[in-house]
Amino acid sequence: MSNKKHNVMIEYVGITIGCALMAISLNLFLKPNTIAPGGVTGVAILIEELVGIPIDITNLAINIPLFMVGLLVLGKVFGVKTAYAILILSAFIRIFLMLFGEGAIITQDILLAAIYGGVLLGVGLGAVFRFGGTTGGTDLAGAILNKYFPSISTAKLMMILDLMVVATAGIVQRNIETSLYSVIALYITVKLADFIVEDLSYAKAFYIISKDSEKIGKRIIEEIGRGVTALEGRGLYTGNKREVLMCVVNRVQVAKLKKVVYEIDEKAFIMVTTIHEVLGEGFKEIKK
């Protein structure tokens, strides 16, 4: 088996394990206690509470059209792995429902449910991000809305959508405490997901030195949808001139960018640095 096939297999295994952890969190901790930690899965929990439609069906019903819109608006940025993650997450939710039963619950203590549900959901989501996928939801919705409202960053749009879901949880339960516990679960999920993906809560700047800089830059622009700047560089020891590519990406795109570079040039030299603030197109708005 070639290295490329082996790496692809590892990526899909990682995404599968991540989705399984998310399904356990949703089935055994969050859903039984009506804790909605944002995202499409949070919406699905609320819809099941209101009208009884299972969360796996709602997850598909919302994410599939969202994915199709994403392909039209954003192109092939999210790709096959996102489609796979959306489908496999719904499949695991259904499988665990069949295994554990409709009324299965680990704890009725809502604080413990928020904490441990948030931990499992965050680790699972982080694994999906780490191996180059997303589960659709507010990540995709935020990116789509950002195309039409460029003055508001994707991260802010995601947070607005998540907070709307969290607030709705309290309305559905007619209990403000439900919203407060949902905020705890959302916070834990976001922090742990960032930690799993190498603490990618901030943007990452890549500096890439390669003999195939033209090919690498073109694929980054086409497949990841990020701009690339070519800087002129010269090795002091050899005196050879070579382009240095500079590219800034968000946390979801880090693993994919590394994969793109090494598929073209395994000997490429890459420097990655954390950026605490990025201003401009695709990131944070420049305030006047």
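Me: Which strand does β2 pair with, and in what sense?
Reply: Two strands are said to pair if DSSP finds at least two bridges between them, and the strands themselves are DSSP runs of E with at least two residues, just as helices are runs of H or I with at least four, both numbered from the N terminus. In this structure, strand β2 (residues 229-234) and strand β3 (residues 241-249) pair in the antiparallel sense over six bridges, with Lys241 of β3 as the bridge partner of Arg234. The hairpin of β2 and β3 has six residues between the strands, and Gly239 there takes a positive phi near 80°. This is a predicted model, in which local features need pLDDT of at least 70 and side-chain atom pairs count only at pLDDT 80 or more, whereas totals for chains, interfaces and linings use all residues. Residues are numbered from 1 along each chain as its sequence is written, and side-chain values use heavy atoms, with hydrogens and water left out.

Me: Which strands are joined to β1 by bridges?
Reply: Seven bridges join β1 to strand β4 (residues 269-275), and the two run antiparallel; here Met271 of β4 is the bridge partner of Tyr207. Six bridges join β1 to β3, also in an antiparallel arrangement, with Val249 of β3 as the bridge partner of Lys204. Buried means under 20% relative accessible area, exposed over 50%, and partly exposed in between, using a 1.4 Å probe and protein chains only. Five of the seven residues of strand β1 (residues 203-209) are buried, so this strand is largely enclosed by the rest of the structure.

Me: What should I make of the phi of Thr34?
Reply: Most residues other than glycine have a negative phi. Thr34, however, has a positive phi of about 50° although it is not a glycine; this residue lies in the loop between α1 and α2 (39-51) and is buried, with a relative accessible area of 4%.

Me: How many aromatic pairs are there, and how is such a pair described?
Reply: A pair of aromatic rings is described by the distance of the centres and the angle of the planes. Rings of Phe, Tyr and Trp (its six-membered ring) pair if their centres lie within 6.5 Å, and planes under 30 degrees apart count as stacked, over 60 as edge-to-face and the rest as tilted. By this rule the count comes to three aromatic pairs. Phe92 and Phe96 form a stacked pair, at 5.7 Å centre to centre with 20° between the planes. Because they are four residues apart in helix α4 (residues 79-100), Phe92 and Phe96 are separated by about one helical turn. Both Phe92 and Phe96 are buried, and Phe92, Phe96 and Phe100 form one aromatic cluster.

Me: Which elements line the second largest pocket?
Reply: On a 1 Å grid over the protein atoms alone, a pocket is an open set of points with protein on both sides within 12 Å along at least five of seven lines, and lining residues have an atom within 4 Å of a point. The second largest pocket holds about 470 Å³ of space, where the volume is the space filled by probe spheres set on the points, joined across faces, edges and corners. Of the 16 residues that line this pocket, the closest to its centre are Asn7, Glu11, Lys258, Lys259 and Tyr262. The elements giving two or more residues to the lining are α1 (3-30) and α10 (254-264), and the largest share, six residues, comes from α10.

Note on methods:
1 Å grid on protein atoms, 1.4 Å probe; cavity = no way out; pocket = protein on both sides within 12 Å on 5 of 7 lines; lining within 4 Å.
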